[in-house]
Amino acid sequence: MSTVRQRFDVPFDFPVHFTRDVFGANSTLLLDELLRGTTTAPKVAVVLDGGLVAACPALPGRVTATLDRGGARLRRPSPPRIVPGGEPCKSDPRHLQALQQAIAEDGLCRHSTLVAVGGGALLDLAGFVAATAHRGVRLIRVPSTVLAQDDAGLGVKNGVNAYGRKNYLGTFAPPWAVLVDHSLLATLPLREVRSGLAEAVKVAVLRDGAFFAALERDAAALTRGEAAALEPAIRRGAELHLEHIRGGGDPFELGSARPLDFGHWTAHRLEELTDGGLRHGEAVAIGVALDSLLARDAGLLPGPIAERICALLAALGLPLHHPALEALDVADALDRFREHLGGELTITWPTGLGRSTEVHAVEVAAVRRAVAELARRVVRAPERSDGGAPGPKARVTPVPAELRP
Ligand SMILES: NC(=O)c1ccc[n+]([C@@H]2O[C@H](COP(=O)([O-])OP(=O)(O)OC[C@H]3O[C@@H](n4cnc5c(N)ncnc54)[C@H](O)[C@@H]3O)[C@@H](O)[C@H]2O)c1
Ligand SMILES: [Zn+2]
């Protein structure tokens, strides 16, 4: 036998800009990123989220005007394309094929760029198309939901749903750049705003107790979508996610653990079971509440902290329970989560605010008990033992009208 060992490192380096009015008359950011490192006029294709365009009909014209300012420095084979936003664009293979075909017809090459503007679902679809066309054309993401700005639009993953499973087909592919434009959130429905805050709560619990306290303090303004509270919350949530990808040591998830996927073993299954009836962030909120109670019951998380986590989610207008939880096949959900990662089942549970641990087994009976507790509980304001301001007001866990059985 003779063996030639291959080993090489490929550095990744991409900017995430936090800004406003990317498509305003005075912004050069998009052009700067499109032209960065190019010598010949690169080709550009644009895909826009249909829900965003419906809410902001002027957007295609503003995007076109922004690119027009690039003059002959850019080549644009087609006007912006509009793809229906939300989970259907990831679940219906016709959208995938149509976008792939569009890229082929535009003649994009690996030095060309696909610009995708939209929510996490549209960005996941566009990312998959960009990563697989010619084995990778450049992708600039412009996330337009809270969830996409504080989580989904920032990282190195993409994917579409297939064979009844969420994100079954996908790749790890860092983008060329991410332009986080907070002004795009002006048209976002409040339900979507709140859904996106679930990922901020999740990462605050795991990584940053001070951020968690800031979310508690600003909960009322956040749940109303007030920009003054929302933008710093998105920014801190985004920073924590980016720090994890950059410094966590496993950006392409080769190990068995996915340390930021707290609450996600339930969330992914709930999204599948409700067939999109629950937003990703809503499903994450339920998963975070459930795992917090499980961690408490396992003696890992102090009870008052579990209360504060549930109270904050509720104060942000997020559900802590859904009837589909009753139908959840726990063993199957855990197994699918394990299968998605490979290796041993590894679930992250909080042990305090800003601290976490990994567990490798979850008792089905314990989950049943925690689900029953979520179903009947009234979330009460926790008494702060540290002398700080009281937590959010006592309230019944809200369940949006459209989610009631
Ligand atoms: N790749 C990742 O790392 C990652 C991480 C987390 C979540 N995700 C994925 O993200 C998806 C959820 O993303 P999401 O929460 O952003 O929701 P979404 O993409 O489903 O969008 C929600 C709705 O808002 C509309 N919309 C988007 N921007 C708008 C705006 N500014 N104004 C008005 N309407 C607007 C969309 O058309 C859609 O109807 C899920 O598919 C999830 O799996 C991916
Ligand atoms: Zn998530």
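Guide: Let us begin with contact, which means heavy atoms within 4.5 Å, while helices (H or I, at least four residues) are DSSP runs numbered from the N terminus. The model is predicted, so that local features need pLDDT of at least 70 and side-chain atom pairs count only at pLDDT 80 or more, whereas totals for chains, interfaces and linings use all residues. Residues are numbered from 1 along each chain as its sequence is written, chains are lettered from A and ligands numbered from 1 in the order in which they are written, and side-chain values use heavy atoms, with hydrogens and water left out.

Visitor: Which residues of H13 and H14 meet?

Guide: Ala285, Val288, Ala289, Ser292, Leu293 and Arg296 in H13 meet Gly303, Ala306, Glu307, Ile309, Cys310 and Leu313 in H14. By class, this contact holds eight nonpolar, two polar and two charged residues, where Ala, Val, Leu, Ile, Met, Phe, Trp, Tyr, Cys and Pro count as nonpolar, Asp, Glu, Lys and Arg as charged, and the others, Gly among them, as polar.

Visitor: What makes H13 roughly antiparallel to H14?

Guide: Axes are lines fitted to C-alpha atoms, for helices over the stretch in contact, and angles run from 0 to 180 degrees between N-to-C directions. H13 and H14 (residues 303-315) pack at about 170°, with their axes 9 Å apart. Angles under 35 degrees count as roughly parallel, over 145 as roughly antiparallel, 65 to 115 as roughly perpendicular and the rest as oblique, and H13 is therefore roughly antiparallel to H14.

Visitor: Why are H13 and H16 called oblique to each other?

Guide: H13 (residues 280-297) and H16 (residues 364-376) pack at an angle of about 120°, their axes being 9 Å apart, and they are therefore oblique. The residues that meet include Leu290 and Leu294 in H13 and Val367 and Leu374 in H16; this contact has ten nonpolar, no polar and two charged residues.

Visitor: What makes H5 oblique to H6?

Guide: The axes of H5 (residues 93-106) and H6 (residues 120-132) come within 10 Å and cross at roughly 45°, which makes H5 oblique to H6.

Visitor: How do you know that Thr145 makes a polar contact with ligand 1?

Guide: A polar contact is a pair of N or O atoms within 3.5 Å, and an oxygen atom of ligand 1 is 2.5 Å from an N or O atom in the side chain of Thr145. A polar side-chain atom of Arg279 likewise lies 2.8 Å from an oxygen atom of ligand 1.

How values were computed: Helix = DSSP H or I, 4+ residues; strand = E, 2+ residues; numbered from the N terminus. Polar contact = N/O pair within 3.5 Å; in protein donor to acceptor, adjacent residues only side chain to side chain.
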